[in-house]
Amino acid sequence: MTTAALFIILFACMFMGMPIAIALGLSSVATILMFSNDSLASISLKLFEATSEHYTLLAIPFFILSSAFLSTGGVAKRLINFAVDSVGHVRGGLAMASVMACMLFAAVSGSSPATVAAIGTIVIAGMVRSGYPESFAAGVIANAGTLGILIPPSIVMLVYSAATEVSASRMFMAGFLPGLMMGGILMIAIYIAARVMKLPAEPFPGVIALGKSFMVALGGLMLIIIVLGSIYGGIASPTEAAAVAAVYAFLVSVLGYRDIGPMKGVAWRNADESLATAVVRNTLQMLWALPKSIRHPEVRKVILDATKVSLMLLFIIANAMLFAHVLTTERIPHQIAETIIHWGLPAWGFLIVVNILLLIAGNFMEPSAIILIMAPILFPIAIKLGIDPVHLGIIMVVNMEIGMLTPPVGLNLFVTAGITGKNMIWVIKACLPWLSLLLMFLMLITYVPQISLFLPEYIDQLKGY
């Protein structure tokens, strides 16, 4: 009765249009009040513990702040230029460069909607100007943007780690190969489509221009090395690496690229200025600008926007953990696990059920909430069936990628619609051909676990992390 009441109240609240965080919290509190023997004190205690007892979750606001600075600070534009110079000369190369730029930006942002917004705002219009159909461009970017939660560092992976106590470092490493593989699959599909549709190719800019664009983009690319290198090398935890990433992104945006803040528009070297003079001038200007940038309106706006997103996500997480607490105290995951084991369902059959459940949930809920609700239920069953928890995590993340592209709550669809100015039906039709690739990729990830587990196991052998 308690289980039925919990889920009936949750879905009733959601169908009434209530925000997911409120629906999760209200259904949990109502169930405790009406059906559970649990005390009311456990509600406030669990809400407090939701964020204070999970050190890994502290990385989320830092990665969001880092992503906000990189999105505003022109890093996306420079990554796109480097990607275009790298593969733009291939037929369909501009679309392939867009996928490459999404992969690079995903490795510094950890967010799927942020990747679509930062890259799509620039490249969709550029592809249309170059002769690509707008639906083709929009579909490519919406799908490539989903790599933001698969290529590490990933906010969704951090949420899974907090919900299941699985190592965030192992999750990040497990997502690396699947992320590269999915990007490669999209590029191959683009090349085939480009040959069929006779899409244009950009002229090769030359090795010197490629090297120059690489050096310009290096400020953003270094963040990948700093974050992932420090985690995999055992130098820093994901939370510590996220804090360093936020500081680095601030410095790169304000003092390096100078797209925001008090040094906006100030050249590194003026015409007819000697190198020594430029070094002295820049040093003095940066020392003057650093304390002033804290109060600068553009910098404060970036921090405020990141704070709003962080609070929204952490509020969802806190209420979802309260929901998971009710599930645990009522032994719902244990009962489901016993039932499935009693049915004699094999591991491969259980994974089919997992994918179906997650694909349905992705239509209605935000990824972090789905992870926090479903992980406590699925995790103990997977362990009993001998499924690696890291492999299960990657399966869940790939399902969340697909959820980003399915209505009515697909976040990437809304972002793409906002960029193109088209309605949702048009965006959904544009994404459908590419969505089929994601579904095939999901089956590959589900039944070939070594794609996810090879690198974590290899790093374990090297005594990494």
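Which residues lie nearest the centre of the second largest pocket? In this predicted model, they are F7, F11, L357, A361 and M374. They belong to a lining of 24 residues. Helix 1, helix 15 (332–343), helix 16 (347–361) and helix 17 each give two or more residues to that lining. The volume of this second largest pocket is about 440 Å³. Its lining comprises 23 nonpolar residues and 1 polar residue, with no charged residues.

The largest pocket has a volume of about 890 Å³. It is lined by 38 residues, and S111, P113, V309, M312 and L411 are the closest to its centre. Two or more lining residues come from each of helix 1 (2–15), helix 4, helix 7, helix 9 (155–164), helix 14 (297–329) and helix 17 (367–384). Helix 14 gives the most, with 9 residues. Here the lining of the largest pocket holds 26 nonpolar, 8 polar and 4 charged residues.

Helix 5 was examined separately. It runs over residues 75–87. At 1.5 Å a residue, its 13 residues should span 18 Å. The end C-alpha atoms of helix 5 are 19 Å apart, which agrees with that expectation. The helix is mostly covered, with 10 of its 13 residues buried.

Terms used:
Residues numbered from 1 in each chain as written. Predicted model: local features only at pLDDT ≥ 70, side-chain atom pairs only at ≥ 80, totals over all residues. Heavy atoms only, no water. Helix = DSSP H or I, 4+ residues; strand = E, 2+ residues; numbered from the N terminus. Expected span 1.5 Å × (residues − 1). Buried < 20%, exposed > 50% of the residue type's maximum accessible area, 1.4 Å probe, protein only. 1 Å grid on protein atoms, 1.4 Å probe; cavity = no way out; pocket = protein on both sides within 12 Å on 5 of 7 lines; lining within 4 Å. Points joined across faces, edges and corners; volume = space filled by probe spheres on them. Nonpolar A, V, L, I, M, F, W, Y, C, P; charged D, E, K, R; others polar.
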